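I am opening a notebook on a structure that I have not looked at before. I want to go from the overall fold to a few ring contacts, one entry at a time.

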Amino acid sequence: MYLPRHFEQTDERALWAFVDDHPFGTLLTIAAGRPFASHVPFLADRDGARLHCHIARANPQWRHLESSPAVLAIFAGPHGYISPTWYVEPGGVPTWNYAVVHAEGDAHIIDDIEHKRRHVEALAAKFERGRPAPWTPSFDPHRLTGIVGVQIRVAKLEGKFKLSQNRSAADRAAVIAALEASETAEDAALARAMAAVNAS
């Protein structure tokens, strides 16, 4: 990924936390010289530097990993259009602010029923947390034959948080205020991300 120095996020803890907070990612493989992508929820194991996900057995992507295990997982956070009319200083141009993390590594298939059961239970525990009547995994284990587990050993984790760090403090404050005044949840989330970067 093109990564200008002022947008680079190098804090490993922040990168893993970002993946944990934005777990719906894109799994990219190469098959016969062409890219192939699946969009799946991931579980992050920061201590083991691993990512875990699963894909449908009918999805041909898991077969790609048998001959070409190198993968890229992409995690996107809040993003949005930034108007130059929001800047205090003149001479700006339209741009797009965003936060994204890329994880590169080798993946391998885990097609063990017990492993897949634990994976589904961990996913449910994460995403059912806080619900008034959370779903408790209780299903026919035979259904797990319809999915294939994927484990990625992360060799490289890089983050690009393009959040107006190249603008003046006054411009950044003005952009945050404009985003906060928006009625969209995405703009509000982007404003919070900008404020967090400015505070660090």
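I looked up the contacts between residues at least 6 apart in sequence, and I note that 74% of them join residues at least 24 apart. I keep in mind that this is a predicted model.

For the fold, I listed five helices and eight strands, and I wrote down their order from the N terminus as β-α-β-β-β-β-α-β-β-α-β-α-α. I then took the box along the principal axes, which for the C-alpha atoms is roughly 60 × 45 × 30 Å.

Next I asked how many aromatic pairs the structure holds, and I counted three. One of them joins phenylalanine 42 and phenylalanine 75 edge-to-face, with 5.0 Å centre to centre and 70° between the planes. Because phenylalanine 42 lies in the loop between strand S3 (34-41) and strand S4 (43-45), and phenylalanine 75 in strand S6 (residues 70-82), the pair ties together parts that are 33 residues apart in sequence. Phenylalanine 42 counts as buried at 2% relative accessibility, and phenylalanine 75 is buried with a relative accessible area of 0%.

Last, I looked for charges over rings: the charged end of arginine 57 sits over the ring of tryptophan 62, 5.7 Å from its centre, and that of arginine 167 sits over the ring of tyrosine 87, 3.9 Å from its centre.

Technical notes: Residues numbered from 1 in each chain as written. Predicted model: local features only at pLDDT ≥ 70, side-chain atom pairs only at ≥ 80, totals over all residues. Heavy atoms only, no water. Phe/Tyr/Trp six-rings, centres within 6.5 Å; stacked < 30°, edge-to-face > 60°. Helix = DSSP H or I, 4+ residues; strand = E, 2+ residues; numbered from the N terminus. Buried < 20%, exposed > 50% of the residue type's maximum accessible area, 1.4 Å probe, protein only. Lys NZ or Arg CZ within 6 Å of the ring centre and 35° of its normal. Contact = heavy atoms within 4.5 Å.
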